[in-house]
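Please read it alongside the sequence and the model.

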Protein chains: 2
Amino acid sequence: MNIIPIDDPGDPRVAAYLDIRERDLVGRHGRFVAEGKVVLDLLLSAGRFAAESALILENRLAGLQPILHKAPSDFPVYVAAGEVMDRIAGFHMHRGILAIGMRGDPAPAELLLQGLPRHALAVVLVGISNHDNMGAIFRNAAAFGADAVLLDRTCCDPLYRKAIRISVGAALKVPFASFDDTAAFTATLDRLGFSQFALSPRGTTDIRAAQHSARLALYLGTEGEGLPPDLLTRLHTVRIAMAEGFDSLNVAAASAIALHHFSAR
Amino acid sequence: MNIIPIDDPGDPRVAAYLDIRERDLVGRHGRFVAEGKVVLDLLLSAGRFAAESALILENRLAGLQPILHKAPSDFPVYVAAGEVMDRIAGFHMHRGILAIGMRGDPAPAELLLQGLPRHALAVVLVGISNHDNMGAIFRNAAAFGADAVLLDRTCCDPLYRKAIRISVGAALKVPFASFDDTAAFTATLDRLGFSQFALSPRGTTDIRAAQHSARLALYLGTEGEGLPPDLLTRLHTVRIAMAEGFDSLNVAAASAIALHHFSAR
């Protein structure tokens, strides 16, 4: 471990951590911010993304040794006192654990799909624009063993700081990729032998009766508008039965129910 | 409808709306704040809580007529321009729809239980301290037709502004009550003929195999520590099967899966 004390908030070595919240909004040139113990652990152990460095509050360092030792021996661990860390981050960092990860080159969705095993569960997201929901869906995808998450271009970024935190690191573990053309993507899934189910309040089949299959794709849309009608006509539609007068679940809650159903072997 | 224009942020008639966020933390002497169109609608139509007044951004008033007409004709509807409303609330109120509700006297949990029908689904919360989770659990409780939510004294307040918002108003609709002594409460449920299930990662029965019964109580605990061991030994324990290496779902996601299971007729 390469421990580097930082006394000056302006030290160029911690420039990637400056004004964390402001830079959530403008992006980070191929980097993302991971925060908290569990997320740091997943970043260093899942191996899906390279970690560039960590910035740790000095009194948290001892407790993090087992996790930090999962990084290469030359991995820079910047260590700062509370006041310095708060001035770097631009707000009070009570957790005291930050790391920078590298996004790497995004994989095309088709390539990700082609690498999936014969038994595979894929989650397809269309228009999920809320980071809380995005993070929660990734957490559920990991909990129920989904093999991949595929996102259309109108979805928000799973590597946004808050989405990673809400996912409890699952966004750093479950492989994901984006696609441009939903119709072409649906045709690819078809060709690869995926049964394709779309969750919709007006779905024709109760999810309890939805058949499992070796390769299965579950489509989830936004809460307000749901999945586009032209997509619904091309897929099997499933609904979650609700109490009378209710037709709306949070999309993350719906994903939990549907993934739990389809994860049964 | 009793429309009252407000030009002065210091007008004593809108004192209940002053510094909304600050007062989230210190309480409101028997009142709560409802915000947004759907929540206002539920407040005025569910009839569970009395509404004291509404504060509406002037350009939202026309669109809210059908909802506001559900209130008594003398119900005060304060109307303000954006700048005045922001100064009252203490932050930028882009939704422009606020209302004050009255908590009324809290019902004892035993009384609420005694009034439940022969077929009843009760949700029992122990130590749920996060308002997002509280709101999401209420939303799921409403979606799956739960008849009541019972809270131990360590739970947070379902009528906290953000909890109501996340519940999409379900906290104003699903009856709830608090209990002091969990052991005595469990005995009461027993006496009233409730089958009692506790959700736990180490539950003995897979939720998919959990038997339905006419009267059923589902216990949910905190994410970190879960339900207290002495409670688990007294109840049927059920688990949600997860992918290998995973043993933690968000409690709201877990509530969605369990309530969906037990709501099936």
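A residue is called buried when its relative accessible area is under 20%, exposed when it is over 50%, and partly exposed in between, using a 1.4 Å probe and protein chains only. This is a predicted model, in which local features need pLDDT of at least 70 and side-chain atom pairs count only at pLDDT 80 or more, while totals for chains, interfaces and linings use all residues. Residues are numbered from 1 along each chain as its sequence is written, chains are lettered from A and ligands numbered from 1 in the order in which they are written, and side-chain values use heavy atoms, with hydrogens and water left out.

**Salt bridges**

- A salt bridge is counted where a side-chain nitrogen of Lys or Arg lies within 4 Å of a carboxyl oxygen of Asp or Glu, and over all chains the count comes to 19.
- Asp206(B) pairs with Arg208(B) in a salt bridge with an N to O distance of 3.6 Å; Asp206(B) is buried at 18% relative accessible area, whereas Arg208(B) is partly exposed at 34%.
- In chain A, salt bridges with shared partners connect Glu35(A), Arg161(A) and Arg165(A) in one network.
- Asp11(B) and Arg13(B) also form a salt bridge, at 2.9 Å from N to O, with Asp11(B) buried at 13% relative accessibility and Arg13(B) partly exposed at 45%.

**A link between distant parts of chain B**

- The closest N and O atoms of Arg153(B) and Asp180(B) are 2.6 Å apart, and the two residues form a salt bridge.
- This pair joins distant parts of the chain, 27 residues apart, with Arg153(B) in the loop between strand E7 (148-152) and helix H7 (161-166) and Asp180(B) in the loop between strand E8 (176-179) and helix H8 (182-191); here helices (H or I, at least four residues) and strands (E, at least two) are DSSP runs numbered from the N terminus.
- Arg153(B) is exposed, with a relative accessible area of 53%, and Asp180(B) is likewise exposed, at 61%.

**Cysteines**

- Cys155(B) is buried at 14% relative accessibility, and Cys156(B) is buried at 11%.
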